Amino acid sequence: MGFINLQNEIIQQIKRFGVFPQLWPEEIEKIGFFVNEILFNPFDPKFRADPYPFYDRLREQDPVHILSTGFVVLTRYADVVNVLRSNDFSRDIEKNANLPETPTCKYRRERNGTKSILNLDPPDHTRLRRLVSKSFTPSAIERLRPRIQKLVDDVLDKAQQSGQIELVDELAFPVPFQVISDLLAMPTERASELRQWSQVITATLEPTTSVEDLVAADSARDQLIPYLMEIIEDRRRTPGDDMLSSLIAVEEQGERLTNNELIAFVVLLYIAGHETTVNLIGNSVYALLKHPSQLEAVRHNSFTTNTVDELLRFDGPVQHTTRTPLVDVSFTVSGEQIKIDKGSLVLASLGAANHDASVFSNPHTLDFGRENSNRHLAFSAGIHYCLGAALAKLETEVAVGSLISRFKNIEIIGEPEWRDRLTIRGVSRLDLSVN
Ligand code: HEM
């Protein structure tokens, strides 16, 4: 297919499926042109399998890429980290960004749900973060290690008997799901419904979100919330030794979590428990199997949280996040000041920042000897830095570390499948033979 035909095809697909509905159609048409050789086609399986060459081009050719709607894409490490740490940028997009009057934006603005900690700015964010952080202390997380090890060992015992494993459904999903359920002491009989609701809700983190997706997410919330409320009410009557009971009891200087704040936080934890660590485990195993020398290096040394940092840098599950400036700001590119208006929508590409050669030498090489892997931005930075980072790293260390130490031969069967997502990146299926 010729270049122009390919672009037309992409534009047709974008129009049909409503990609980037916060942009106007004429801007969408420019997306296909904004990088000369590597076209940004989110539907292209090659982009899904490896978005990093695309990010490189954008960083090299147009690191502060602005569409005339005010939508800005940042790909340099320094810009991304500055934005994430700056008090001049808000995470509350619905409140502070000048979004176009598209049906999706209108729906989002008019929806009147309680925002989770992830979508709030100070002072509300500060108050909630202080209250909920108490349940995520390093010692509380480390106490989970034996339980995580037992869950992983049970899965690997089965794999050892059959000689194969489908990594995502058998290990990467069930372990973090069971751990978050244990932490909150939630029943697991409705695991498959919970997984489905959570997938429908996280689909709305995508830039491709349509009004139908938002309606579906609200309907999933309408089922999830009464279910959680029942459990919360029960736990209020009979508190236990679990995180949900501590969250109910939490109090600081007379401040408590309201019922709605508690529900919004538990929904966020569930989603984080389902949709992020699962992808880190899947992407990490895939990356190791594609880099046999690094796999051997890790087998000889030990699999530590530093190993996990390099895996997070190399191919993290959250590819970007959004912010909006509360004042007019500017970025310097080749000595020139580029002005960004207050209220613009800024997409900070974590995946691109983690492959910026000005911070990480040979960024596309998986290198467990790298000294600064822990500077990655896969968990973001600043006040919204992932609260579950230590838990996610522990789960990955135990799951992936145990898999590679149990089996000396691990091979991919067929081709992996990638999730049909842009914000959350991960393999959706990875069949392995193990012995
Ligand atoms: C590999 C796994 C994970 C990755 C890559 C990840 C990534 C992230 C990122 C990038 C953010 C910040 C987004 C922003 O700045 O806009 C975040 C926030 C958050 N994450 Fe994670 N996460 C992971 C696992 C978890 C887990 C397991 C939990 C909890 C059980 C969790 C709980 C949270 C919470 C509560 C926030 C909001 C923090 C705040 O706004 O102050 N995450 N995560």
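**Close-up views of a predicted model**

**View 1. The largest nonpolar core of the predicted model.** This core holds 97 residues, and L74, V80 and V266 have the most contacts inside it. Helix α16 supplies the largest share of the core, ten residues.

**View 2. Surroundings of V80, one of the residues with the most contacts inside the largest nonpolar core.** Leaving aside residues up to four places away in sequence, V80 touches L74, A348, S349, L350, A353 and L377.

**View 3. The shell around the ligand.** The ligand is surrounded by 25 residues, of which A272, T276, S380, C386 and G388 are the closest. Two or more residues of the shell come from each of α16 (259-275), α17 (277-290) and α21 (389-406). Sorted by class, the shell comprises 15 nonpolar, eight polar and two charged residues.

**View 4. The crossing of α17 and α19.** Two packed helices are described by the angle between their axes and the distance between the axes. The axes of α17 and α19 (residues 305-315) come within 10 Å and cross at roughly 90°. The two helices, α17 and α19, are therefore roughly perpendicular to each other.

**View 5. Residues at the contact of α17 with α19.** From α17, L280, N283, S284 and A287 take part; they meet L311, L312, F314 and D315 of α19. The contact has five nonpolar, two polar and one charged residues.

Terms used
Residues numbered from 1 in each chain as written. Predicted model: local features only at pLDDT ≥ 70, side-chain atom pairs only at ≥ 80, totals over all residues. Near = placed C-beta within 6 Å. Helix = DSSP H or I, 4+ residues; strand = E, 2+ residues; numbered from the N terminus. Nonpolar A, V, L, I, M, F, W, Y, C, P; charged D, E, K, R; others polar. Core = buried A, V, L, I, M, F, W, Y, C linked by C-beta atoms within 7 Å. Buried ≥ 20, exposed ≤ 12 C-beta atoms within 10 Å, placed from the backbone. Contact = placed C-beta atoms within 7 Å. Axes fitted to C-alpha atoms, helices over the stretch in contact; angles between N-to-C directions. Parallel < 35°, antiparallel > 145°, perpendicular 65-115°, else oblique.
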